[in-house]
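I opened this entry to keep track of what I looked up, in the order I looked it up. The sequence and the model come before the notes.

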Amino acid sequence: MTNKNFTILILFMILVIFSSCKKKEIITHNYINEKDIDKKIECQIEFPDTVYLNKEYDGVVKYKSILDTITTSFDDKKKKRYPIFYLTIVDKPELDYRHLKKMAKIFGAHDNREIPFYDIKFEKTGTYYIDGIINDYVVIDINKRNERGEELVREIENEERVTKKVIVVSERKNKSQ
C-alpha cells in the first residue's frame, strides 16, 4: 500500500467517524435544545384570595411548559408525558422547597394547560399559602436498544415552584339573626 493510498484510507476513516458522531448528536437533540430545558414553566394558581373556615374549595393550576414543544398529548406512546402538582398548605413559604414533595398532596394534569386540585379546607383562621411544585416529566422512546437489548429512552424533567396567598376568615353570621 502506498503512502497516498494509506493517507486516503485514514482520511476516509476520519470522515466516517465524524459523520457518525454528528448523526448521534442529531438523534439526542432533535426534540429540544439542551439550553431550553432550564426555561421555567409559566404558571399561576387560580384559587380564591379569601376563603371561609372549614369549607372545602377547588382550584386549578394553569401552566404553559417548554415541554409542549415535545408533545401536548398524553396519549402518545412514543413520548409519554406526566405533569403533576405537589400541593401543600403552609403558614409561610420557605426558601428551600424541595422538602414539599415529601409532605404534599399530589394532583395530575388532565391536559397540557391545567392541573385541577380538590377539597382544600382550612381549619384555622389566618394567612396561609398554597405552596407547591409543578413537575413536568417526559419520557421519549428513541427507538434504539443497548447491547443488552433494553430499550433506550430519554427523560426530560422540568420543575417550577408556585405559591398563592390565602386569607381564611370565619363565616359571616346572617344579619337577620
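Is S5 mostly covered or mostly open, and how many of its residues are buried? I found 5 of the 7 residues of S5 buried, so by the cut-off of under 20% relative accessible area the strand is mostly covered. I note here that the model is predicted.

**Neighbours of S5**

I then looked up the strands that pair with S5. S5 and S6 (residues 105–108) run antiparallel and are joined by 4 bridges. On the S6 side, I found Lys105 as the bridge partner of Leu87. S5 and S8 also form an antiparallel pair, with 7 bridges between them. In that pairing I recorded Tyr129 of S8 opposite Val90.

**Nonpolar cores**

Next I turned to the cores. The largest nonpolar core has 21 residues, and the members that touch the most others are Phe47, Phe85 and Phe117. I listed the strands that each supply at least two residues of this core: S3 (57–64), S5 (84–90), S7 (114–120), S8 (126–145) and S9 (151–169).

I took Phe117 for a contact list, leaving out residues up to four places away in sequence.

**Gly132**

I checked Gly132, which lies in strand S8. Gly132 counts as buried because its relative accessible area is 0%. With residues up to four places away in sequence left out, Gly132 touches Phe85, Tyr86, Leu87, Leu100, Glu160, Arg161 and Val162. I also recorded that Gly132 and Ile45 are 87 residues apart in sequence, with their C-alpha atoms 9.6 Å apart.

**Ala109**

My last stop was Ala109, in the loop between S6 and S7. Is Ala109 buried or exposed, and why? Ala109 counts as buried because its relative accessibility is 15%, and the cut-off for buried is under 20%. Under the sequence exclusion of up to four places, I found Ala109 in contact with Tyr63, Phe74, Pro83, Glu114 and Ile115. Between Ala109 and Lys62 I noted a C-alpha to C-alpha distance of 9.9 Å, at a separation of 47 residues in sequence.

Note on methods:
Residues are numbered from 1 along each chain as its sequence is written. This is a predicted model: local features need pLDDT of at least 70, side-chain atom pairs count only at pLDDT 80 or more; totals for chains, interfaces and linings use all residues. Side-chain values use heavy atoms; hydrogens and water are left out. A nonpolar core is a set of buried Ala, Val, Leu, Ile, Met, Phe, Trp, Tyr and Cys residues joined through side-chain atoms within 4.5 Å. Buried means under 20% relative accessible area, exposed over 50%, partly exposed in between (1.4 Å probe, protein chains only). Contact means heavy atoms within 4.5 Å. Two strands pair if DSSP finds at least two bridges between them.
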